Amino acid sequence: MDPFTIDSPDWLLEQGNYSPLSRSGRAVQLSEKIIGGQNAQEHAWRMIAYFYGCGATLVAKNWAVTAAHCCTIPAWYFKDKELCFGRDYKNPEMGKPTLQQCAGISQIIQHPEYNRTVTVMNDICLLKLSRDVLYNDHVQPACLPNQFESLQDDLKIDCYVAGWGYRQENKWTSLPDILQDAQVFLQYNETCEAAYTDEDSNGNLIHYYDSNAMSCFGHIEGGIDACQGDSGGPLICLEPSTNAKWVDSNGNPIVHMNPVLRGVVSWGEGCGRQGKPGVYARTSTFVNWIHETIKTHARGSPAACIDVRQQYQIQPEVSVICGDDGCDLSCSDKTHTPNIERVTCESIQGSSRGKYNVPPQLIGCAADPNHFTKCGSVTAAIEVQDLDKIKINCSTATKCKVAAKEAYRKTCEPSIAQLKCVPSKGYDYSYEKLRCEPPKTVSKCGPALQAFPNLTDDFIVSCMMSKCKFSHKSGFAVEPAEIRCKANKWVVPGAHRNSDGGVDFKLVTFDSLPEDVDCKGSSLNEHTVGNYRPHAQEAAMIGQGVISKPRPSCNSKGVCAYYCPSDTNGGMTKIGRPFKCHKVKGWLPIICSIKMLNQDNRVAVPLVLQVDSHCTKLSLAHDPHTRPN
C-alpha cells in the first residue's frame with residue numbers, strides 16, 4: 001500500500017484503501033550529531049511550535065498535539081496568538097527572513113479523561129489550527145505510532161526531546177530563545193514505577209507512574225532531561241520506515257528513519273535528577289482518540305460558517321474535508337476532479353459569523369472541468385462513453401455542446417449535439433448513454449439505435465433531422481420503413497407499436513407481398529396496365545427467361561410502390577415511382593399516354609415510366625410463360 005498521512009481524504013473519510021496510520025515515508029534530519037543540552041540543529045525540528053509556555057507537535061496540516069495540563073487556558077485567550085512551525089527561535093529573529101508557517105488556534109480539545117487527582121493521567125490535548133499549513137522542507141508533521149504499539153524495551157533506540165524550557169531547574173534566567181534538544185533513553189517500566197512510588201501516612205503505596213498511559217525517558221544518572229516550559233513538547237524516536245521503500249542508483253535498498261511521536265512531555269520530579277527520569281504521555285495509548293477526533297472534525301464544517309452541506313448541493317462522489325478556515329473537496333474517483341476544489345469561510349466585519357467565498361451551487365466530479373453546468377457534472381448525471389472520440393464543452397451555466405473529435409468526425413456522431421440543463425430537473429436527455437453513434441443514426445429526437453434497441457447490426461439506419469428510414473442488408477423491406485420525429489418525440493405507427501411502447505420491426509420478403517392492392521374499388525394493377533412498354537433488356541428476354549410480375553407494397557399512409565425480387569432469399573428492390581390511394585380521387589398520379597418527342601419529332605418513350613411491366617430474373621423458379629395481363 002502506498003504511504004499516506006492523516007491528511008489523506010481516504011483516511012479521514014474511511015474510504016478507498018485506508019488503514020490505521022503507522023509510519024509514512026517521511027525522513028528527518030535528526031542525526032547522531034544531536035546531543036543533549038545544546039542548541040538544536042538548524043531546521044531539524046520541523047514539527048515543533050512554541051505554545052506560550054509549552055511546546056506543541058504538528059501531526060496533520062491543521063492539528064497539533066500538546067499536553068492536557070497546557071490546555072487549561074480557554075481558546076479565546078489565544079485569539080490573536082498563533083502557533084508557528086518551521087522556526088528554531090521562540091520569537092522571530094528581528095530583521096531576518098523566516099521560513100516559518102503560522103496558524104491561529106481555533107479549538108483546544110483536552111482528552112476527556114484527563115485527571116490530576118493523584119497523578120497526571122491522560123495528559124494529552126489536541127490543538128485545531130485555524131488554517132492549514134503547507135508541508136515543505138522546513139515544516140513537516142511527526143508520524144504517529146500504531147495504537148498500543150510499544151518500543152519492545154529497545155533501550156538503545158535514538159530518541160530526542162526538544163523545547164524552549166528551563167536549562168536549569170527553577171531558574172527562569174536559564175530560559176533560552178533558541179530551541180534546545182537532548183538525547184534521552186527509554187527506561188524500563190519497573191525503573192519508573194520504583195522511582196515514582198510513594199507511601200502515605202498510613203503506609204499505603206501511592207503509584208504515580210502508570211505504564212498504560214505513561215512512558216519514561218532520560219538518563220538514570222541524571223543531568224539530561226526535559227524541564228519546566230518543555231511541557232507538551234515532543235519526544236521523538238527515529239524509527240525505520242515500514243510503508244515506503246527507497247533504492248539508490250544501484251538498486252540497493254535505502255532505509256529512511258521517520259520521526260515518530262512516542263511521547264508528550266508531561267511531568268517529573270525536578271529536572272535531570274539522578275534516578276528520576278522524565279515522564280511522558282504515552283502517545284500510542286491515545287492514537288485512536290487522536291484519529292477519531294480529527295476524523296470527526298474533518299467531516300464537520302468551519303465553526304464560523306453554516307454547514308457546508310447546507311450551503312451547497314454536494315453530489316455523492318465528492319469527498320469533503322473541512323478545517324476551521326474552509327473545506328477541501330476531492331473525488332472518490334481519483335481520475336476525476338470536482339468543479340470546485342476548495343471553499344473558504346471568510347469573516348464578516350463586525351460579526352462572529354462568516355460566509356463562504358463561493359456562491360451556492362451544485363458540486364460534482366468529472367473527468368474534465370468543462371463538463372459542469374448548474375445541473376452538475378455531465379458525466380455524473382449521464383453514462384458517457386467514448387470520451388476518447390467525443391468532446392463535451394459546457395460553455396455556459398445551462399448548455400453543453402457535444403461534438404465528435406476531429407479524427408472521428410467521418411466515422412461517428414454524438415448521441416446529441418447539445419445538452420441543456422433544466423434547473424431542478426437536470427439534463428434534458430432521456431437516453432441511457434451518451435456516446436459516439438454510427439454516422440446518420442441520430443435525429444433531433446435522439447439516437448435511433450438507443451431509441452429502438454431491437455435494431456440489430458443487419459439493419460441500415462439513415463436519419464435526417466425529422467425522420468429516420470430503415471432498410472435491411474439482405475435487401476428485405478422493413479416495416480415500418482420510416483419513423484418521423486415531431487416536437488422532439490418519435491411518431492411510431494400504431495400497427496408497429498408493441499405492448500411495451502417499443503417498435504416491432506418486420507422484414508418483408510417479395511413472396512409475402514400481395515399481387516395487387518385496391519383503392520376505392522380500383523385495382524393498382526388495372527390503374528397501371530397499358531401504359532408501359534417493355535424496356536430493351538426485358539423485351540430481349542421474353543420467351544427465354546423466367547419472368548415474374550412485380551408486386552406492390554403500401555405503407556400506413558396509403559403510398560404504394562412496386563417491387564421486384566433481388567435474389568433467391570426473398571430480397572427485393574423498389575422500381576418506378578410510388579402511387580398514393582387518395583380517399584376521394586382514388587389512385588394518384590393519373591396515368592396518361594402522352595408521348596415525348598425527341599429533337600427529330602419522333603416518338604421516344606412514355607412521359608411517365610412508373611414501373612417495368614415485368615421482372616426479369618433467370619434464376620427464379622417461376623413459370624416462364626407467365627405474362628402480364
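Guide: A disulfide is a covalent bond between the sulfur atoms of two cysteines. In this predicted model, Cys 54 and Cys 70 form such a link, with their sulfur atoms 2.1 Å apart. The angle about the S-S bond is -85°, and the link of Cys 54 and Cys 70 is left-handed.

Visitor: Which parts does the pair of Cys 54 and Cys 70 tie together?

Guide: Cys 54 lies in the loop between strands E2 and E3, and Cys 70 in the loop between strands E4 and E5, so the pair ties together parts 16 residues apart in sequence. Both Cys 54 and Cys 70 are buried.

Visitor: What is the handedness of the link of Cys 227 and Cys 271?

Guide: The link of Cys 227 and Cys 271 is right-handed, with 80° about the S-S bond. This pair links distant parts of the chain, 44 residues apart.

Visitor: How many disulfides does the count come to?

Guide: The count comes to 16 disulfides.

Visitor: How should I read the two faces of a strand?

Guide: In a regular strand the side chains alternate between the two faces of the sheet. In strand E30, Cys 400, Val 402 and Ala 404 form the covered face, whereas Lys 399, Lys 401 and Ala 403 form the uncovered one.

Visitor: Which residue is the bridge partner of Cys 400 in E32?

Guide: The partner is Leu 419. Strands E30 and E32 run antiparallel and are joined by three bridges. E30 also pairs with E29 in the antiparallel sense, over four bridges, and a hairpin of five residues joins E29 to E30.

Conventions
Residues numbered from 1 in each chain as written. Predicted model: local features only at pLDDT ≥ 70, side-chain atom pairs only at ≥ 80, totals over all residues. Heavy atoms only, no water. Buried < 20%, exposed > 50% of the residue type's maximum accessible area, 1.4 Å probe, protein only. Helix = DSSP H or I, 4+ residues; strand = E, 2+ residues; numbered from the N terminus. Pairing = 2+ DSSP bridges. Disulfide = S-S within 2.5 Å.
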